[in-house]
Amino acid sequence: MTITIAIHSFRRGTGKSTIAANMAVLLADSGMRVGLIDTSLQSPSLHMFFGRFDLGRNPTLNDYLAGRCELGMAAINISRWLNPPPVGTLFLVPASGEADKILESLRGSYHAEALSEGLGALSNDLDLDVLLVDTPAGLNEETLLTIAAADRLLLLLRPDHQDYQGTGVVIELAHRLGSPKLLLLVNEVPVSFDTGEVAMRVATGFGQPVIAALPHSEELQMIGSGGLLVRRHPNSLSTSILRQIVAELV
Ligand SMILES: Nc1ncnc2c1ncn2[C@@H]1O[C@H](COP(=O)(O)OP(=O)(O)OP(=O)(O)O)[C@@H](O)[C@H]1O
Ligand SMILES: [Mg+2]
């Protein structure tokens, strides 16, 4: 059985893709068969963390949604892109960065259910232990269906009042969807703050468990989405927190 983890936030730029990419590598390092899918059709980014800025002619999630291929055909075994390679296996399903394909997805000629149906088939076809789904910020029908179909929802927020407001909305909807185990992750906590105190305040405010509070990281800022924290800084504080998150989630 595959454990499906949806990674979401109400607001943009909370660190979803960064955390999804790094968690996927840690999970593959532990020997698992891991899938990582980029469902941010309007601003795809996951492939960049693995040093690939051009996907060439590889099929993408867009091609599956347009009915041009099975979702499994868009999965790339990227284990050998990693240095060192993981003990397990990592598959990436990218979303297309090509203007025409982004426009095609905006027109939304596919059924909202196509994505969540595809996720189930992908997990079976690739015999995945874990599937991480990086979602676009905010709410749309595909994302709600993805959340409903997932086993866990990792909901990111920053310590910011706009994030608090929107996170409350997602929590309410997740409950209405009869949602999966929901865990909050507070990201980019200013280094002068006490992360334990922030985590406790957020957990009490929302009445939901907080899996971790991740401080602002100079290393992540320097990497700027062009690489993997867990490979470049395996002994950093942020990497050790990500290891704890992964151990608790799966
Ligand atoms: N803890 C952190 N410390 C410093 N920078 C961070 C941290 N987490 C994420 N970032 C940076 O924040 C930026 C946004 O991160 P990312 O793209 O992962 O967010 P996102 O939620 O996926 O955004 P979007 O909503 O646009 O998909 C990136 O430049 C990333 O390096
Ligand atoms: Mg993103």
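**Exercise 1.** Which residue follows α1, and is its phi positive or negative?

*Solution.* Start at the end of α1 and step on to Gly31, the residue named as following the helix. Then read its backbone angle: the phi of Gly31 is positive, near 100°. Keep in mind throughout that this is a predicted model.

**Exercise 2.** Work out what span helix α1 should have, and compare it with the distance between its end C-alpha atoms.

*Solution.* First, note that α1 covers residues 16-29, which makes 14 residues. Next, take 1.5 Å times one less than the number of residues.

**Exercise 3.** Is α1 largely enclosed or largely open?

*Solution.* A residue is buried when its relative accessible area is under 20%. In α1, 13 of the 14 residues are buried, so the rest of the structure largely encloses this helix.

**Exercise 4.** Which residues come nearest to ligand 1?

*Solution.* There are 15 residues around ligand 1, and Arg12, Lys16, Thr18, Asn187 and Ser217 come nearest. Now check some atom pairs. A polar side-chain atom of Arg12 is 2.7 Å from a ligand oxygen, and one of Asn187 is 2.8 Å from a ligand nitrogen. Pro215 uses a backbone N or O atom, 3.2 Å from a nitrogen of ligand 1. Overall, the protein covers 84% of the 640 Å² of accessible area that the ligand has on its own.

Definitions and conventions. Residues are numbered from 1 along each chain as its sequence is written. Chains are lettered from A and ligands numbered from 1 in the order in which they are written. This is a predicted model: local features need pLDDT of at least 70, side-chain atom pairs count only at pLDDT 80 or more; totals for chains, interfaces and linings use all residues. Side-chain values use heavy atoms; hydrogens and water are left out. Helices (H or I, at least four residues) and strands (E, at least two) are DSSP runs, numbered from the N terminus. Buried means under 20% relative accessible area, exposed over 50%, partly exposed in between (1.4 Å probe, protein chains only). A residue is near a molecule or strand if one of its heavy atoms lies within 4 Å of it. A polar contact is a pair of N or O atoms within 3.5 Å; within protein, one must be able to donate a hydrogen and the other to accept it, and residues adjacent in sequence count only if both atoms are side-chain atoms. Accessible areas come from the Shrake-Rupley method with a 1.4 Å probe; for residues, only the protein chains shown count as cover.
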